[in-house]
Amino acid sequence: MNVLGLFYYWVFAVLLMVGFYAVIAKPNYVKKLIGLSIFQAAVFLLYITMGKIEDGTAPIFQAAENVYSNPLPQVLILTAIVVGISTTALGLGIVVRIREEYGSIEETDIKERDRK
Amino acid sequence: MIVLFGIFLLTLLVITALAIVRNDSLYAAVILNGIFSLLMAASFFLLDAADVALTEAAIGAGISTVLFLGALALTGELEKSPTKHRLLGTAVVAIPTLLIIFAFFDIPQFGASDAPVHQHVGPWYIEKTPEFIDIPNAVTAVLGSFRGYDTLGEVFVVFTAGIGVLFLLSARPLARRNEPFVARDPHKGLRHYLVPRVVGRFLIPFIFLFGLYVQFHGEYGPGGGFQAGAIVAASLILYSLLEGERRCLVVIPSGALRWLVAGGALLYGGVGVVGMLLGGNFLDYNVLASDPVKGQQMGIILIELGVGLTVTGVLLSVYHAFAGRGKL
């Protein structure tokens with residue numbers, strides 16, 4: 001169990017940084033946004049992993065006495081997912097406007113055009 | 001067995017994420033992102049987060065894929081310029097990864113019930129939900145009542161983001177400000193493809209019904225306004241893809257969508273104000289009915305309805321904003 005637990009956290013670290021790599025190294029704006037959403041998903045995974053209790057079940061009460069996992073991280077992440085898609089949509093809206101005004105969504109092209 | 005499945009899912013997640021970043025085709029990256037979300041939803045479910053899994057599956061794998069594809073249709077599908085400073089980027093990313101992995105050796109054991117996370121308010125919520133609110137789903141109780149302020153804030157963030165997209169995309173592009181506006185192929189949809197049409201027509205009512213079930217059954221099982229809003233929006237987006245945008249706008253006109261967006265947030269805030277008028281605090285549902293427990297249940301149903309309306313409205317308006325914009 002311990003190894004699996006650490007594995008969850010390691011995967012969090014790797015996903016976080018894979019997303020971050022796309023944000024800093026990829027010149028394409030849509031790719032940057034996809035990287036940002038991977039970054040976000042990694043944080044969600046961290047929260048949900050911390051809320052888990054061994055041998056627990058989802059915090060929905062049943063007749064039998066059970067161990068329930070912590071509902072609080074779940075509530076925070078549930079709303080964060082919906083907020084995440086709204087902000088991603090806003091980002092995509094800005095990208096579409098950039099494409100219309102600059103004719104490109106590559107960072108290199110846009111910097112070049114701004115320099116002129 | 002569950003341990004093995006967990007490791008399997010996590011490994012697939014990492015592979016998918018790497019494939020997304022390495023891929024040159026944005027189209028492939030978006031589809032892989034949908035798969036990534038579905039795997040993430042399965043992992044959430046293994047970690048006892050049924051509500052979160054439902055949200056991630058509906059939003060990450062469903063709506064976000066459609067929105068990204070809508071944006072790609074307007075911007076182009078290929079990444080043109082190569083990655084800059086590949087080595088530097090890898091180094092910048094690799095060092096924090098190793099540091100975080102190193103730091104996690106000190107974290108409390110996975111699933112330990114005496115971890116600091118479980119010593120704070122979490123157990124109190126589980127203990128008091130049956131007494132104060134008396135609904136089976138503790139997640140809905142915390143979302144709607146115990147932390148109602150947070151949720152109100154999140155609803156307003158969703159509302160603001162939706163308004164922002166409408167502002168950005170309802171402006172006409174500079175380059176063709178003088179041309180008459182022509183919407184992109186508004187009549188057609190996928191009606192001339194037999195298989196999507198037949199399967200879609202069969203599925204749409206059931207998806208819609210499932211959305212309503214998730215909305216009104218959120219107190220008893222996994223579900224609630226956020227998930228239901230996403231599912232209902234997904235069914236209407238599917239209708240719009242199949243039958244064309246114009247026919248979807250006949251079903252729910254964009255004016256009505258704006259009322260949904262604002263009305264849901266208003267309903268949520270209104271429930272809080274009514275509580276104040278009846279002598280309680282803002283978002284205190286105890287005073288809504290003569291019995292405090294009944295009042296709590298009533299309040300939760302009302303604010304979940306507000307959340308559902310706003311989320312449906314925002315997601316649909318955002319979809320229409322992308323779909324209705326002609327390519328330059």
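Which domains is chain B divided into? Hello everyone, let's start there. Chain B is divided into domain 1, residues 1-119, and domain 2, residues 122-328. Please keep in mind as I talk that this is a predicted model.

First, the overall look of chain B. Chain B has twelve helices and zero strands. If you read the elements from the N terminus on, you get α-α-α-α-α-α-α-α-α-α-α-α. Along its principal axes, the C-alpha trace of chain B spans about 60 × 50 × 40 Å.

Let me pick out one of those helices. Helix H2 of chain B covers residues 26-46, which is 21 residues. Just after H2(B) comes Asp48(B), which takes a positive phi of about 70°.

Now back to the two domains. The C-alpha centres of domain 1 and domain 2 of chain B lie 25 Å apart. Their contact takes 14 residues from domain 1 of chain B and 20 residues from domain 2 of chain B. How much area is buried between them? About 1,500 Å², of which carbon and sulfur atoms give 77%. On the domain 1 side, Asp51(B), Ile63(B) and Leu74(B) lose the most area to domain 2, together 39% of what that side buries.

What about charges and polar groups here? Across this interface between domain 1 and domain 2 of chain B there are zero salt bridges, while three residue pairs are in polar contact. The residues on the domain 1 side that touches domain 2 divide into ten nonpolar, three polar and one charged.

Next, the interface between the chains. The contact takes 82 residues from chain A and 101 residues from chain B. The size of an interface is often given as the accessible area lost when the parts come together. For chain A and chain B, the buried area is about 8,300 Å², and carbon and sulfur atoms give 77% of that.

How many salt bridges cross between chain A and chain B? There are three. Side chains of opposite charge can pair when their charged atoms come close.

Which elements of chain A give two or more residues to the side that touches chain B? They are helix H1 (2-25), helix H2 (29-51), helix H3 (71-102) and helix H4 (107-115) of chain A. The largest share, 26 residues, comes from H3(A). By residue type, the side of chain A that touches chain B divides into 55 nonpolar, 17 polar and ten charged.

One last stop, inside chain A. Over all chains, the structure holds ten salt bridges. One pair to look at is Lys32(A) and Glu107(A), whose side chains meet in a salt bridge at 3.6 Å, N to O. This pair links distant parts of the chain, with Lys32(A) in helix H2 of chain A and Glu107(A) in helix H4 of chain A, 75 residues apart.

Note on methods. Residues are numbered from 1 along each chain as its sequence is written. Chains are lettered from A and ligands numbered from 1 in the order in which they are written. This is a predicted model: local features need pLDDT of at least 70, side-chain atom pairs count only at pLDDT 80 or more; totals for chains, interfaces and linings use all residues. Side-chain values use heavy atoms; hydrogens and water are left out. Domain bounds come from an automatic or database domain assignment. Contact means heavy atoms within 4.5 Å. Buried area is the accessible area (1.4 Å probe) that two parts lose on being put together, summed over both. A salt bridge is a side-chain nitrogen of Lys or Arg within 4 Å of a carboxyl oxygen of Asp or Glu. A polar contact is a pair of N or O atoms within 3.5 Å; within protein, one must be able to donate a hydrogen and the other to accept it, and residues adjacent in sequence count only if both atoms are side-chain atoms. Ala, Val, Leu, Ile, Met, Phe, Trp, Tyr, Cys and Pro count as nonpolar, Asp, Glu, Lys and Arg as charged, and the others, Gly among them, as polar. Helices (H or I, at least four residues) and strands (E, at least two) are DSSP runs, numbered from the N terminus. The expected span of a helix is 1.5 Å times one less than its number of residues.
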